[in-house]
Structures are given as C-alpha cells and as structure tokens.
Amino acid sequence: MSTDSLDDAPIVTARCSEELPPTSSERIAWYRLVVLSVGVASGRALFSANRSFFNVSPDDPAALGMARWISGTGPWHMFDVSTWRPGYSTLLAPLFWLTDGSEQLIRGALFLNAIIGGISASILALLVLRLTDLGPTAALVVAAAIALAPSSLSASANVWSESLVTLCFLCTCWYVFEFYEHLRSRSGTLAVLWSSIGMTVHARLLPLWATVAVIVVGRAFLERRRLAGLLAAWAVVGFAASTAYADFVVERVWAEPGDTNTLGAVARQLGKPLAVLDAAIGQVWYQLVSTLMLFGVGVYLLIRAAIRGAPAGPSTTHARLLLALTLPLVGLSIVFAAERGRPDQWIYGRYNDAVVWPVLGVALGRLLTTAGGSRRALIILTT
C-alpha cells in the first residue's frame, strides 16, 4: 500500500494482505481534505453562532472549571457532582488567557468544537475510502453529510468533549487498520497513543484503549514478539499517564467528587439486567430513527462481512476490527444509561453519536454503489 502522509496519516486506500482483497488505489488530494475540513468547520460554527442563550448541563461547568485551573488563571471548585476527565479541558485552557467573559468562553469553546469537527470529517473521508468502494469525491460527500448531520451537530452546540472523542476514535481506527495490515511499529504506537488520549478526554473510551491494546499487542505477538513487548509497554505508559493526569486535575478541582461516572458505578449497573435491556432498546431505537435506518444497515453489512465476507464494502478483517472497536463503546453507553433518572437517558444517543460515524459511512457507501441505492442514499443525504 502506498501512502501520502504526514505522521503516517494515509491518503491512499488499499488492502494489501492476502486477507484484504485489492481495492481502489485512488487518493484524496490533501487540498480537498483541507476544503472539506474548512467547509464542515464553517457549517458547524454557523450552526452555533446565532445562540442568544446557552443550555448548561453539569458537563459544561466541569469542562470550563478544569480548563480554568489548568490555565493557571484561578481556581474553580466543583462540589458534590460527578467527575470528568481533563483532556478536552486542556485544549480549552488557552481561552482563559484571552478572556474571562462567560459568553466569550462558551463561544470560543463552540468554535473549537467546530474546528475539531472539520478535522474529524477529513479523517472520516479517508476511512470511508478505505472501507467502501466509493471514489474520492463520493467519500468526501459522505463524510461531510455525516459530520453535518443533526446527531453530529450537537457536539458543536454544547461545551462537551464529544467532538474530541470522535476525533480520537477515528484516528485510533485508522492507525489500528494501518498496523493490522502492515505491522509498522509507528502505526501501532500511534494507535495506542490515540486511544490513551481518548481515555484522557472521556472515561467511556477506556474500553477503546483496552481493545486497541489487545489488538495491536496480539497482532504483533504472532510475528514480532519484541514489537509486541514494546507496544504493551506503551499501552501501560499511556494508561498510567492518562490516569495520573486525570487524578491530578480532579483532586485539585473537585471538593466533593461524585461517583456517577466512575467504573465502579457503571459496573453496579450490570446487576440490573432488565434496566440494561430497556436502555439497549431505547438506544438502538434512537440510532435507527436519528440516522434514517443507516445505523442498522451499517451494522448488518459489517456483521455480514465479518462472518462470511462480502463482494463489496469492507473486507472481513476491516469489518471485524471496526466492530471490535465500536461495539464495546456502544455497550458501555447502554450500561451507563440503565435505570437513570433523566427521561432523555431512556433513549440516550449522545455517547454513541460520537463513535458511529464509520458505521454510517459503510452504510452510505453501500447504498451509493448498488443498483437503485444511489437514489435512496440521495434521499437520505438531503433529508
């Protein structure tokens, strides 16, 4: 496989092992990716620019509180509320060097989210080109449509870490694919690094880190055991650094931390199987409705390819990897929301919205390359 890359970031999509049948070697020119990023970022920024008032949930003051402390401009203590991780707040911290006005801070955070969304769209376009039979132009259109879909725009409407969660997830997927195909130490290290950064952004990406560690270490162990040891060490270092940094910040910002977002609290939910089933039904229903059934189509195509292969779309290896990276995060979202008090958590979609982009890309890619599917895809893209 040839690549045009900065830091191993690929421009060419191909399947180069015996398990991965050859596909198009067309590339997406860098300037087209820049145009996509700028266009998506502009659209998301315009979406949030006309806000005359802001809805604030506990996440927003927590993110801003950590950012203010990290910036060194003063304390902002949280009392008796759940804790969050400081990865996103680290990016927000420079805003406090520029202004201390609450509206300016929030608008600055929303603008940052829009920029991150634009970058994520470009990574998604590369993934769509790799996972589907679409050409570069169609991959760009599909990525833009997904990044500007209503379920994606919520990340640009609130001071939440969702935009950064999506970027970390997409980059992790890319480097896992790269490593699994070519066994390059750089790709494996970057896969572990991005998953560790993701865990620093939000604790719900802990399963992503664990899955990536198993995949890259296990893959390397089969052929290059010394590399397996190196990647295992990097995974441990990434986990330790992420945990230490999060604990360091939480101890200095939270006066009375709650435990709602902790691993122990989520584990306790497993003792409520009927509540977990209710949450699963609600979240799957939300994904099917909010994506006009694309989520269901994508999951079906991935499962089919993972079990017995498919003449078009993702290879068996790609399908298995994407399911392995995505399903644990969907499962955690379901367990987390089980038997919660808020009505919106009956059909909680926010956590899954941030990580189903590649699944939706697979669905749209298939629709656009089948007889009669182009019309259906066009209807979905314009709805």
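Contact, as the word is used in these legends, means heavy atoms within 4.5 Å. The structure is a predicted model, in which local features need pLDDT of at least 70 and side-chain atom pairs count only at pLDDT 80 or more, while totals for chains, interfaces and linings use all residues. Residues are numbered from 1 along each chain as its sequence is written, and side-chain values use heavy atoms, with hydrogens and water left out.

**View 1. The protein chain as a whole has 18 helices and zero strands.** Helices (H or I, at least four residues) and strands (E, at least two) are DSSP runs, numbered from the N terminus. Buried residues make up 53% of the 383 residues, where buried means under 20% relative accessible area, exposed over 50% and partly exposed in between (1.4 Å probe, protein chains only). Of the contacts in the protein chain with a separation of 6 or more, 74% are between residues 24 or more positions apart.

**View 2. Helix α2 (residues 59-71) and what covers it.** The 13 residues of α2 reach 18 Å from the first C-alpha to the last, close to the 18 Å expected at 1.5 Å a residue; the expected span is 1.5 Å times one less than the number of residues. Its buried residues are Asp59, Asp60, Ala62, Ala63, Leu64, Gly65, Met66, Ala67 and Ser71, and what covers them includes α3 (87-92), α4 (95-98), α5, α11 (225-253) and α16 (350-353). Gly72, which follows α2, has a positive phi, near 80°.

**View 3. Helix α17 (residues 357-368) against helix α5 (residues 102-131).** Of the 12 residues of α17, 10 are buried, so α17 is largely enclosed by the rest of the structure. The two helices pack at an angle of about 45°, with their axes 9 Å apart; axes are lines fitted to C-alpha atoms, for helices over the stretch in contact, and angles run from 0 to 180 degrees between N-to-C directions. The helices α5 and α17 are therefore oblique to each other, since angles under 35 degrees count as roughly parallel, over 145 as roughly antiparallel, 65 to 115 as roughly perpendicular and the rest as oblique. Ser120, Ala121, Leu124, Leu127, Val128 and Leu131 of α5 make the contact with Trp357, Pro358, Gly361 and Val362 of α17. These residues divide into eight nonpolar, two polar and no charged, with Ala, Val, Leu, Ile, Met, Phe, Trp, Tyr, Cys and Pro counted as nonpolar, Asp, Glu, Lys and Arg as charged, and the others, Gly among them, as polar.

**View 4. Helix α17 against helix α14 (residues 294-308).** Here the axes come within 7 Å and cross at roughly 85°, and α14 and α17 are therefore roughly perpendicular to each other. From α14, Leu294, Phe295, Val297, Gly298, Val299, Leu301, Leu302 and Arg304 meet Val359, Leu360, Val362, Ala363, Leu364, Arg366 and Leu367 of α17. By class, this contact has 12 nonpolar, one polar and two charged residues.

**View 5. Helix α8 (residues 162-182) packed with helix α15 (residues 316-337).** The angle between α8 and α15 is about 145°, and their axes are 11 Å apart. Phe169, Cys173, Val176, Phe177, Tyr180 and Glu181 in α8 meet Thr317, His318, Leu321, Leu322, Leu325, Thr326 and Leu329 in α15, and the residues of this contact divide into nine nonpolar, three polar and one charged.
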